[in-house]
Amino acid sequence: MSNSDHALKTAPRSNIGVTSRYPELMHGVLDPSVTGIAVELTLPQNHVNAETVEPYLKSLCELVAVDCVFVALFDETREKIEWVNSVSNKYDLCNPFVLLNSQQPCCERLKSKLANKQLLEIRDTGAADTDNADFNAKLAGLNLGSMLVAGLSCNNGEGSGIAGIMVLGTMRRRSRWDMDTHLMLKLMAASYAAGYERYVLNSSAYLTV
C-alpha cells in the first residue's frame, strides 16, 4: 500500500463534511457539486420562477437525503407567505404549497434568531415545545416529523430582516440533525438570499425606469 493510499484510508473524516472528506489532502476544497448549486442560487435570474429554482432544490434534497426541501417567501410587509417552491419525495404527504397566502410563521424572536444566521432545529414536531409551538402549529399541515429551518436574510427596501425561510424536512422525527447538514443549509440559504435580494433589486430598477 502506498503512503497516499494509507493516508486516504486512515485520514479522519472532517467535521465539516461539505468542504472535504480528507482535509489534510484536499486542503478544504469545496465539493464541486455543493459549490455549483450555491453559485447558481446567487444568480438573480434563477429566482424569476419556480422552474429555474426547482432543479437546485432537487439537488439539495438528494445531497442531504431528506424528504422535502422548500422555500417560502414573505410578502413586502413580511406578514404573509406569497411564494412557495418545493421539491419533495413525498408529494402525496408533504405539500408546502398549502402555505400560500397564509400568515408567515415566524414570531419576532424567531425572526431575530434566523436573521443572525442561526438555524431552528426541530427534531420532533409532535413534541411539546413552548418556544416554537406557534411555528409548529402553522406548519402542521405539512405532515413533517422533523425540520431544519434557515432564514433568508435580505434587505430589499423594507428594512433588514428575513424575507422568507428555507426548510429541510423529513417525514419521521430525528434524534438530531448533523453538523454537515447544518453547514449545508446555512450555505444554501445564504446563497439563495443573495440571489433573491439581487433579483428584487433588479426588478425594482426596471419598474422605476
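Trainee: What share of the 209 residues in the protein chain is made up of buried residues?

Mentor: Buried residues account for 42% of the 209 residues in the protein chain. Keep in mind that this is a predicted model.

Trainee: How many helices and strands are there in the protein chain?

Mentor: The protein chain has seven helices and five strands. Starting at the N terminus, the order of the elements is α-α-α-α-β-β-α-β-α-β-β-α.

Trainee: On to the strands. In which sense do β1 and β2 pair, and over how many bridges?

Mentor: Strand β1 (residues 68-74) pairs with β2 in the antiparallel sense, over seven bridges. Two strands pair if there are at least two bridges between them, so seven bridges qualify β1 and β2 as a pair. Opposite Phe 70 stands Ser 86 in β2.

Trainee: What makes strand β2 (residues 81-88) largely enclosed by the rest of the structure?

Mentor: It is a matter of counting. Six of the eight residues of β2 are buried, so β2 is largely enclosed by the rest of the structure.

Trainee: Which residue in the hairpin of β1 and β2 takes a positive phi?

Mentor: That is Arg 78, with a phi near 60°, in a hairpin that has six residues between the strands. Arg 78 has this positive phi although it is not a glycine, and its place is in the loop between β1 and β2. Most residues other than glycine have a negative phi.

Trainee: Is Arg 78 buried or exposed, and how do you know?

Mentor: Its relative accessible area is 11%. Buried means under 20%, so Arg 78 is buried.

Trainee: And what of Asn 143: where is it found?

Mentor: Asn 143 is found in the loop between α6 (133-138) and β4. Like a glycine it is not, yet its phi is positive, near 60°.

Trainee: How many bridges join strand β3 (residues 119-122) to β4?

Mentor: Four bridges join β3 to β4, and the two strands run antiparallel. Leu 120 has Val 149 in β4 opposite. Nine of the ten residues of β4 are buried, so β4 is largely enclosed by the rest of the structure.

Trainee: What can you say about Asn 155, and how exposed is Asn 155?

Mentor: Asn 155 lies in β4 (residues 146-155). Its relative accessible area is 40%, between the limits of 20% and 50%, so Asn 155 is partly exposed. Its C-alpha atom is separated by 9.6 Å from that of Val 200, 45 residues apart along the chain.

Trainee: One last topic, the rings. Over which ring does the charged end of Arg 174 sit?

Mentor: The charged end of Arg 174 sits over the ring of Trp 177, 3.9 Å from its centre. The distance limit is within 6 Å, so 3.9 Å meets it. As for aromatic pairs, which need ring centres within 6.5 Å, the count is zero.

Definitions and conventions:
Residues numbered from 1 in each chain as written. Predicted model: local features only at pLDDT ≥ 70, side-chain atom pairs only at ≥ 80, totals over all residues. Heavy atoms only, no water. Buried < 20%, exposed > 50% of the residue type's maximum accessible area, 1.4 Å probe, protein only. Phe/Tyr/Trp six-rings, centres within 6.5 Å; stacked < 30°, edge-to-face > 60°. Lys NZ or Arg CZ within 6 Å of the ring centre and 35° of its normal.
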